[in-house]
Structures are given as structure tokens and as C-alpha cells.
Amino acid sequence: MSTARHGGGRAWTLATAALALTLSGAALTAATTTANADSAGTRAPRTDRLSTAADGSQLDGGSTDGAISGDGRHAAFVTRAPALGCDTYLHCLKLKDLRTGALTGIDLGSGHLYGNPLLSDDGGRVAFTANKRFATPYLYDRATGATTRLWPADPPGRNELGAVHAISPDGTRVAYTVGNRNGNQNARLLYVRDTTTGTDELISTPEEGDKGGASVADDGTRVAYQIGGYSEGPDDSGDVFLKEPATGARVQLDTGLGTAELVRITRDGRRVLFNAGGGLYVHTVRTGATARVADGRAGSATADGRHVVLSTADGLRLLDLRTGRGTDVGPADARAGHGAVTAKGRAVVFSSGATDLVPDDTNGVPDVFVRHTR
């Protein structure tokens with residue numbers, strides 16, 4: 001399942017002029033609700049183990065694929081722990097209330113494997129991919145306990161596979177792909193589901209190629225997506241596009257930059273963050289300008305685009321693009337997915353096999369952790 005990979009060398013040097021161009025005057029939207037872990041303020045930075053039982057005890061099986069809500073109250077992770085009714089060949093997807101410790105299982109029945117959970121800002125909705133015979137995208141509603149399969153009514157061609165790529169911060173839209181097993185046809189069609197109306201809008205057709213990622217603004221007026229996959233080699237194997245579904249307008253954002261990898265579109269649809277050429281770029285929609293703002297490879301970013309999680313040879317680092325302040329948040333083997341950081345960069349979720357991050361880590365398997373930066 002998808003995780004952020006390591007980039008080489010030292011991370012991030014701020015391009016002051018670029019930041020002035022991309023972030024000046026931008027409305028940086030904050031989440032309106034915070035969990036007690038994020039709102040403590042006076043508590044020192046700390047690392048907690050997220051993948052535990054409800055009573056806080058360590059699990060007897062490995063856990064990966066951590067994600068957290070924008071408000072920091074809820075998190076999701078995939079585990080193989082027998083203590084929770086899971087095992088090596090029967091993965092479980094758990095939703096955790098970080099205030100109470102309560103665990104909720106998102107269960108599609110025997111034989112499913114889970115991955116790539118992504119949470120809305122308030123943790124009310126969880127988008128994820130599950131695989132039994134074929135991978136399929138789903139959406140879980142915490143309020144009702146219902147899980148919905150995401151699939152268009154009549155997609156063109158033969159389609160048997162699907163995957164979730166993004167959920168809008170407000171939870172009203174989910175970007176997902178469908179495709180088949182033939183060659184590079186796994187993600188041939190890109191759709192956005194409107195969770196209010198239940199309708200699916202086709203964003204990218206098979207003729208554009210396989211989709212390597214997608215991100216959607218809260219109001220759905222802009223969708224950013226990636227064609228092709230990421231490669232660190234000399235070939236230009238990935239490109240990033242921005243589309244306005246209402247008009248059909250589509251523009252490539254990474255022209256001349258080689259292989260590009262989408263990070264996200266901001267919740268207001270005004271900026272798109274993507275990796276290319278060993279650095280992070282920000283495209284400003286209003287001006288059409290694209291500028292390099294940091295060195296290193298970003299795997300996750302806050303909904304306002306201000307804070308990014310960079311993968312470096314030394315581990316994960318949280319970078320504030322407005323101030324240039326960087327904070328180490330994870331060890332060298334840490335892996336963070338797209339939904340890894342809360343609003344204002346207050347917390348970052350990652351998986352690691354390190355045994356010295358929290359006291360009494362003796363289970364001998366990878367766990368999911370949350371680093372509170374303040």
C-alpha cells in the first residue's frame with residue numbers, strides 16, 4: 001500500500017523569494033476543532049504509540065498505514081495483531097479515538113486486506129482500499145457505521161480493480177480510480193464521488209494514461225491528479241495536472257521539470273503541491289506561477305499547504321513553508337502516508353520498527369506512532 005519513500009541527502013532549503021510568491025496573502029485555513037492531544041499547548045513535544053489496545057497496552061502483531069484526522073482527534077491504522085482478532089493473513093483496519101483510546105473495527109468480512117486509510121478533518125469519514133479478490137475503494141461513515149463501496153454506475157470498458165486516492169478535508173468528496181489487470185490499466189479511470197449526492201464524476205479518461213495519484217478541493221471545483229508513476233531515474237515517468245471539472249479546463253503543472261509526483265491540492269483549491277527534481281514545488285492557480293519552495297521529497301501536507309512532511313535519509317522532518325522552521329519527527333526507517341499530518345502541523349503519524357521511541361516497546365514488530373510537535 002502507499003507510503004512515503006525516502007529521498008536522498010539533506011532536506012529543504014527555503015527559497016525565500018519563491019515562498020513570498022506562493023504563500024504571500026494566502027488564506028491559511030485552520031481546523032476549527034482540536035483533540036486534547038493537539039490542544040494541550042503547554043505539553044512538551046512527545047512521541048506516543050498509536051497502535052495499541054484500547055487500554056494502551058502494546059499489540060502482539062505489527063501495524064502500519066497510519067493516518068490521522070485534521071483535528072487530531074481520530075486516527076486509523078492497519079494491524080495484524082491477534083489480540084485484536086487479526087493475523088498475518090487477516091489484516092484489520094482500526095479507527096482509534098485518541099481522546100478515549102476506544103477502537104472501532106472497520107470490517108468488510110473474512111479474507112479482506114486493508115490499506116491506505118485517509119480521514120476527513122473531523123474523522124467522521126474514512127476512505128480506504130480493501131482487497132479480497134480485487135482491490136476496491138470504500139468509504140466508512142463513523143456516525144452511521146455504514147461502509148459504502150465506491151464505484152461508478154456504468155464505467156466504460158472492463159474494470160475490476162479500484163483504489164482510493166484522496167478525501168477532501170471536509171469529507172464531502174473522495175477521489176478514486178477504477179481499472180483492470182491488463183498491463184498499465186490498473187487505474188485507467190479517475191472519478192470523484194460527491195458524498196452528499198452519491199454521484200460520481202469522471203475526471204480523467206483512459207486515453208490520458210494510468211493515474212498515479214489524485215487530490216480534490218473541498219468544493220470539488222478543482223482536482224489535481226498525476227499521470228504515471230514516480231521514478232528517481234532519468235525518464236520522465238510522471239506528470240501532474242490540474243482540472244476544473246465544470247469547464248473541462250486542464251493544465252499541466254510540471255512542464256520542463258522531469259518526473260513529477262503529486263502531494264496534494266489545498267482545501268480551497270488555490271495551490272497545488274508536488275515533487276519534482278529532488279524538491280517540492282507549489283503552483284499558485286491565480287497567477288499560474290510554479291516555484292520551488294524546498295529541497296527534499298514531501299509525502300504529506302496539511303490541508304492549507306503550509307506544513308509538509310519530508311522524507312530524508314535521516315528520517316521524517318516537518319517543515320513550515322512560511323517560516324522555514326524544520327522539526328525532526330521520525331527516525332530513519334519511518335514511513336508516512338498522505339494523511340499523516342494534522343492541522344497546523346501539530347502532530348505527525350508514521351510507522352516504524354524502532355524500539356526506542358516509547359518506553360517498554362518489546363513486541364518486536366513495527367508499530368504506528370504519533371509525534372506531537374507542541
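How many salt bridges does a search of the whole structure find? The search finds 18 salt bridges, a salt bridge being a side-chain nitrogen of Lys or Arg within 4 Å of a carboxyl oxygen of Asp or Glu. Side chains of opposite charge can pair when their charged atoms come close. The structure is a predicted model, in which local features need pLDDT of at least 70 and side-chain atom pairs count only at pLDDT 80 or more, while totals for chains, interfaces and linings use all residues. Residues are numbered from 1 along each chain as its sequence is written, and side-chain values use heavy atoms, with hydrogens and water left out.

One of the salt bridges is formed by the side chains of Asp194 and Arg173, at 3.4 Å from N to O. This pair links distant parts of the chain, with Asp194 in strand β12 (residues 189–194) and Arg173 in strand β11 (residues 173–179), 21 residues apart. Helices (H or I, at least four residues) and strands (E, at least two) are DSSP runs, numbered from the N terminus. Asp194 and Arg173 are both buried; buried means under 20% relative accessible area, exposed over 50%, and partly exposed in between, with a 1.4 Å probe and protein chains only.

A salt bridge also joins Glu261 to Arg297, whose closest N and O atoms are 2.4 Å apart. Because Glu261 belongs to strand β18 (residues 260–265) and Arg297 to strand β22 (residues 297–301), the pair ties together parts that are 36 residues apart in sequence. Glu261 and Arg297 are both buried. In the salt bridge of Arg317 with Asp328, the closest N and O atoms are 2.5 Å apart. Arg317 is in strand β24 (residues 315–320) and Asp328 in strand β25 (residues 326–330), so this pair ties together parts that are eleven residues apart in sequence. Arg317 counts as buried because its relative accessibility is 15%, whereas Asp328 counts as exposed because its relative accessibility is 54%.

The disulfide connects Cys86 with Cys92, at an S to S distance of 2.0 Å. The link of Cys86 and Cys92 is left-handed, with -120° about the S-S bond. Both Cys86 and Cys92 are buried.

In soluble globular proteins, nonpolar side chains tend to be buried together. A nonpolar core is a set of buried Ala, Val, Leu, Ile, Met, Phe, Trp, Tyr and Cys residues joined through side-chain atoms within 4.5 Å. The largest nonpolar core has 13 residues, of which Leu93, Leu95, Ile106 and Phe128 touch the most other members. Two or more residues of this core come from each of β3 (74–79), β4 (92–97), β6 (113–119), β7 (125–131) and β8 (135–141). The element that gives the most is β7, with three residues. Contact means heavy atoms within 4.5 Å. Apart from neighbours within four places in sequence, Leu95 is in contact with residues including Ala75, Ile106, Leu119, Val126 and Tyr140.

Strands of a sheet pair through backbone hydrogen bonds, either parallel or antiparallel. Two strands are taken to pair if DSSP finds at least two bridges between them. Five bridges hold the antiparallel pairing of β6 and β7, and the bridge partner of Leu119 in β7 is Val126.

Strand β15 (residues 223–228) contains Ala224, and five of the six residues of β15 are buried. Ala224 is buried, with a relative accessible area of 0%. Beyond neighbours within four places in sequence, Ala224 is in contact with Ala214, Ser215, Phe241, Leu242, Leu262, Ile265 and Val272. Strand β14 (residues 211–216) pairs with β15 in the antiparallel sense over five bridges, and Ala214 has Tyr225 as its bridge partner in β15. Six residues lie between β14 and β15 in their hairpin, and Gly220 in the turn has a positive phi of about 75°. Strand β16 (residues 238–244) runs antiparallel to β15 and is joined to β15 by six bridges, with Gln226 opposite Val240 in β16.

Terms used. Disulfide = S-S within 2.5 Å.
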